[in-house]
Amino acid sequence: MADLRSAAPPAIGEVDHVRGPARGPLVIEYADYECPYCARTDLLLSELAVRRVFRHFPVPSKHPRARVLAGAAEAAALQGRFWEMHDALFADQGRIDDPHLWERARRLTLDLDRFERDRRSEAVAERVAGDFRSGLRAGVVTTPTLFVDGTLHPGVPGPELLERLTVASIGADFISKNQHRKAANRRRRERNA
Amino acid sequence: MIEPGTRAPGFALADQEGNEVTLASLRGETVVLVFYPLDFSPVCTDQFNVYQEILPELERAGVRMYGVSVDSAFAHKAFQRELGISIPLLADFHPKGEVARLFGVFNEERGISQRALVMIDPDGIVRWSHVSPSPLEIPGANLIFDALEQAAAA
């Protein structure tokens, strides 16, 4: 039987999807692609220089396509395009049927056959279920739920939390901008070489 | 709030189909009662949708889960359908809130139950109880599994 006793949300691991400046304040997010509050939260967080970990918390009795969509994001991840699929899913929550997923996969130039196989695979299902279990153990009961400094914040982050994250991220953004500039310069050098 | 170690008060309530469920008939099984304020309130919705996802694990652990609120069996039926859940819901409807009162979780002022969880062992003894500090706070499913482990170790 799966162990569902209380446990703090796991630290960032190999399997996690992480984005944002490395020095930014850490936000661990449990969310579902069919949940409008999660899309709103995604937008709010994308405007901050925070380091984000995204974990799946699909609740199919509430959002029938949630688990399928999580599977699609994980299948894209296996082709190195997790965040691109993540953004594409949140960008248009009204189009979440299979043909819409194929359309997104094509736009991201994914290998479509592989995408179809992977998103239905047991490995992907287990990957998604693993996130769900870690969320349950950490006391997640609603989406989105954010963990900041070990504290659970259910729902769309309010002004207070956003302000705290903004203050905590001062400096991190500069670093990330600097990193972007360095990377851009490097790419330019590589092109000219 | 009813304390662990005490005998759970007996009850007979109608479920969402109008069938009577008695505590006596559940002897031999671990029972988790989920007291909640009202059908169709947004916070309850999340609570039961998440609990629905752990039903297979609860079944494997030999646990029967029931929701309990002051709503009628007919309202429960509609609520269950609206949520798309199979967790049975018991109508603590007449006399209103009597079972919640017996378990010490009735809010007399508002006429509804507090948000609370009660675990009753196969012998009918309360093993664990939890009341949310506010109706907006949903107890995580992890607490149920912590309580199961404690009960098994006791």
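Predicted model: local features only at pLDDT ≥ 70, side-chain atom pairs only at ≥ 80, totals over all residues.

Student: Which helices and strands does chain A have, and how many?

Tutor: Chain A contains eight helices and five strands. Along the sequence their order is β-β-α-β-α-α-α-α-α-β-β-α-α.

Student: What does the radius of gyration say about chain A?

Tutor: One compares the value with what a rule gives for the length. For 193 residues the globule rule gives 16 Å, and the radius of gyration of chain A is 17 Å, so chain A is as compact as a globular protein of that length. Its C-alpha atoms fill a box of roughly 50 × 40 × 30 Å along the principal axes.

Student: How much of chain A is buried?

Tutor: Buried residues make up 48% of the 193 in chain A. The accessible surface is about 9,900 Å², and carbon and sulfur atoms hold 52% of that surface.

Student: Now one helix. Why does the length of helix H6 of chain A agree with its residue count?

Tutor: At 1.5 Å a residue, the 16 residues of H6 (residues 122-137) should span 22 Å, and the end C-alpha atoms are 22 Å apart, so the two agree.

Student: Which residues of H6(A) are buried?

Tutor: The general idea comes first. An α-helix has 3.6 residues a turn, so residues three or four places apart point the same way. In H6(A), the buried residues include A:Val124, A:Val128, A:Asp131 and A:Phe132.

Student: What follows H6(A)?

Tutor: A:Gly139 follows H6(A), with a positive phi near 90 degrees.

Notes:
Residues numbered from 1 in each chain as written. Chains lettered and ligands numbered in written order. Heavy atoms only, no water. Helix = DSSP H or I, 4+ residues; strand = E, 2+ residues; numbered from the N terminus. Rg over C-alpha atoms; globule rule 2.2 N^0.38 Å. Buried < 20%, exposed > 50% of the residue type's maximum accessible area, 1.4 Å probe, protein only. Areas by Shrake-Rupley, 256 points an atom, 1.4 Å probe, with all protein chains shown as cover. Expected span 1.5 Å × (residues − 1).
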